[in-house]
Amino acid sequence: YPGSPLLIAQALGAGARYLGFELNPSVRELLSEALARCANTEAREGDGYAAAARARGLDAALVLIDPPFERPDDYVRAAETALAVRTRDPSAVVAIWTPLKDLETFDGFVRRLEGRAGPTLVAEARLRPLTNPMKMNGCAMVVVNPPAGTEAAARDICDWVVSTLGEPGGRAEVW
């Protein structure tokens, strides 16, 4: 830790800003330490879902939702936060990382977004058949309001992940 926050912070362009939220104080401290060497970044203790849903006046906003999915309501809160962000700023891009354990949980999450979030791209890297919901069988990135070129990049990434890390029966899907 932190994986995605540090990757995003290191990729910031000039004038861009990263603000990360973490509920767990000790983990927030780890996030602060990791971001300390990155310009225009800040870690705050708090509920990132609530902060993203309330954000206003952002220019070229990218909201990354990457929770640990330890709480039973994380899928619902991620979808509702994406919808709230898009309601406040229709130009915002919302990227949501999710584990793939079982399809019903994931499909329910996607159904919450369908017809309400605007254009949405789903990129799945299934490392093995989804037969054991107790295992992390892969992951998905769901991008609401994806920028041009996202589909091709997602296809390349998912293909690489599955071919490099996957087991027999694994597959990449971008839709």
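Predicted model: local features only at pLDDT ≥ 70, side-chain atom pairs only at ≥ 80, totals over all residues.
Biologist: Where does Asn145 lie?

Modeller: Asn145 lies in the loop between strand E6 (138–144) and helix H6 (150–165). Helices (H or I, at least four residues) and strands (E, at least two) are DSSP runs, numbered from the N terminus. Residues are numbered from 1 along each chain as its sequence is written, and side-chain values use heavy atoms, with hydrogens and water left out.

Biologist: Okay. Is Asn145 buried or exposed?

Modeller: Asn145 is buried, with a relative accessible area of 19%. Buried means under 20% relative accessible area, exposed over 50%, and partly exposed in between (1.4 Å probe, protein chains only).

Biologist: And what about its phi?

Modeller: Asn145 has a positive phi of about 65°, although it is not a glycine. Asn40 has a positive phi too, of about 60°, and Asn40 isn't a glycine either.

Biologist: Where is Asn40, then?

Modeller: Asn40 sits in the loop between helix H2 (25–35) and E2. With a relative accessible area of 46%, Asn40 is partly exposed.

Biologist: New topic: the core. Which residues touch the most other members of the largest one?

Modeller: Those are Ile65, Val94, Ile96, Phe106, Phe109, Leu113 and Val142, out of 25 residues in the largest nonpolar core. A nonpolar core is a set of buried Ala, Val, Leu, Ile, Met, Phe, Trp, Tyr and Cys residues joined through side-chain atoms within 4.5 Å.

Biologist: Which elements give two or more residues to this core?

Modeller: Helix H3 (48–54), strand E3 (62–65), helix H4 (74–88), strand E4 (93–99), helix H5 (103–113) and strand E6 (138–144). The largest share, six residues, comes from H4.

Biologist: What does Val142 touch?

Modeller: Leaving out residues up to four places away in sequence, Val142 touches Val94, Ala95, Ile96, Phe106, Phe109, Leu113, Thr120, Leu121 and Val122. Contact here means heavy atoms within 4.5 Å.

Biologist: What does the pair of Asp47 and Arg77 tie together?

Modeller: Asp47 is in the loop between strand E2 (41–45) and H3, while Arg77 is in helix H4, so the pair ties together parts that are 30 residues apart in sequence. Asp47 is partly exposed at 23% relative accessibility, and Arg77 is partly exposed at 21%.

Biologist: Which residues does the network of salt bridges join?

Modeller: Shared partners join Glu124, Arg126, Arg171 and Glu173 into one network. Glu124 and Arg126 form a salt bridge with the closest N and O atoms 2.8 Å apart, and both residues are buried. Glu173 and Arg171 form one too, at 2.3 Å. Glu173 is partly exposed at 21% relative accessibility, and so is Arg171, at 41%.

Biologist: Where is Arg126, and what does it touch?

Modeller: Arg126 is in strand E5 (residues 120–126). Not counting residues up to four places away in sequence, Arg126 touches Leu100, Leu103, Asn137, Gly138, Val162, Gly170, Arg171 and Glu173.

Biologist: What about Arg88, where does that one lie?

Modeller: Arg88 lies in helix H4 and is partly exposed at 38% relative accessibility. The C-alpha atoms of Arg88 and Arg54 are separated by 8.2 Å, and the two residues are 34 residues apart along the chain. A polar atom of the Arg88 side chain lies 2.6 Å from the backbone oxygen of Ala53.

Technical notes: Salt bridge = Lys/Arg side-chain N within 4 Å of Asp/Glu carboxyl O. Polar contact = N/O pair within 3.5 Å; in protein donor to acceptor, adjacent residues only side chain to side chain.
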